[in-house]
Amino acid sequence: MRKAIRVLAVCALIYFPGISIAVEKFDGNWVTKMECPPKGNTQGYMWVIQSSIENSNFHGEHGTASQGGYLLIEGKIKEDGSAKLKANGIVASRKYARGVFTTAGDGHNALIQNRMDGA
């Protein structure tokens, strides 16, 4: 049985506006930079994820679904730019995962609070 680990705001997400055809204030294509710094014996990493917002709904994916290293980020962007996003994924390697019992292939999830500026 896979163990699920929960991480609250361990990784920071930074959004950069890309080419955007706005229907809603933040709608369009975005580049999401996710950076998880090293801590203890866990190595850090940085991913750049092509993301989109449609009808104020954020969607970003990294990797291939059901394989190690996969991450799905989704959530609603409020009109003021604040957001509570959910991230669900699969651990690629123990050396990048936090948690005593975490191994490659385990599921992980996080809640991300964010505020977007610009657009």
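Trainee: Is Lys-33 buried, partly exposed or exposed, and what is its relative accessibility?

Mentor: Lys-33 counts as partly exposed, because its relative accessibility is 26%. Please keep in mind from the start that this is a predicted model.

Trainee: With which residue does Lys-33 form a salt bridge?

Mentor: Let us take the general idea before the case. Side chains of opposite charge can pair when their charged atoms come close. Here, Lys-33 pairs with Glu-35, and the closest N and O atoms of the two are 3.8 Å apart. Glu-35 is also partly exposed, at 38% relative accessibility.

Trainee: How many salt bridges does the structure hold?

Mentor: There are two salt bridges. Besides the pair of Glu-35 and Lys-33, Asp-80 forms a salt bridge with Arg-115, where the closest N and O atoms are 3.6 Å apart.

Trainee: Let us turn to the aromatic rings. How many aromatic pairs are counted?

Mentor: A pair of aromatic rings is described by the distance of the centres and the angle of the planes. In this structure the count comes to three aromatic pairs. One of them joins Phe-26 and Trp-30: the ring centres are 6.5 Å apart and the planes stand at 45°, so the pair is tilted.

Trainee: Are Phe-26 and Trp-30 buried or exposed?

Mentor: Phe-26 counts as buried, at 5% relative accessibility. Trp-30 is buried as well, with a relative accessible area of 3%.

Trainee: How are the rings of Tyr-45 and Tyr-96 arranged?

Mentor: Their centres are 6.0 Å apart and their planes are at 85°, so this pair is edge-to-face. Tyr-45 lies in strand 4 (residues 45-54) and Tyr-96 in the loop between strand 7 and strand 8, so the pair ties together parts that are 51 residues apart in sequence. Tyr-45 is partly exposed, with a relative accessible area of 21%, and Tyr-96 is partly exposed, at 33%. Together with Trp-47, Tyr-45 and Tyr-96 form one aromatic cluster.

Trainee: Which residues does Thr-42 touch, not counting residues up to four places away in sequence?

Mentor: On that count, Thr-42 touches Lys-95, Tyr-96, Ala-97 and Arg-98. Thr-42 itself is found in the loop between strand 3 (28-36) and strand 4, and at 11% relative accessibility Thr-42 counts as buried.

Trainee: How many helices and strands does the chain have?

Mentor: The chain has zero helices and eight strands. Buried residues make up 36% of the 119 residues in the chain. Of the contacts with a separation of 6 or more, 40% involve residues 24 or more positions apart.

Trainee: Which residues touch the most other members of the largest nonpolar core?

Mentor: In soluble globular proteins, nonpolar side chains tend to be buried together. The largest nonpolar core here has 17 residues, of which Ile-53, Leu-71, Ile-73, Ile-77 and Leu-85 touch the most other members. The elements that give two or more residues to this core are strand 3, strand 4, strand 6, strand 7 and strand 8. Leaving aside residues up to four places away in sequence, the contacts of Ile-53 include Phe-26, Trp-30, Phe-58 and Ile-77.

Trainee: Where in the chain is confidence lowest, and where is it highest?

Mentor: Where pLDDT is low, the predicted coordinates should not be read in detail. In this chain, confidence is lowest in strand 1 (residues 4-8), at a mean of 35, and highest in strand 5 (residues 57-62), at 96. The pLDDT stays under 50 over residues 1-10, and over residues 18-23 it is below 50 too. For the chain, the mean pLDDT is 79, and 79% of the residues reach 70 or more.

Definitions and conventions
Residues numbered from 1 in each chain as written. Predicted model: local features only at pLDDT ≥ 70, side-chain atom pairs only at ≥ 80, totals over all residues. Heavy atoms only, no water. Salt bridge = Lys/Arg side-chain N within 4 Å of Asp/Glu carboxyl O. Buried < 20%, exposed > 50% of the residue type's maximum accessible area, 1.4 Å probe, protein only. Phe/Tyr/Trp six-rings, centres within 6.5 Å; stacked < 30°, edge-to-face > 60°. Helix = DSSP H or I, 4+ residues; strand = E, 2+ residues; numbered from the N terminus. Contact = heavy atoms within 4.5 Å. Core = buried A, V, L, I, M, F, W, Y, C linked by side-chain atoms within 4.5 Å. pLDDT = per-residue confidence, 0-100.
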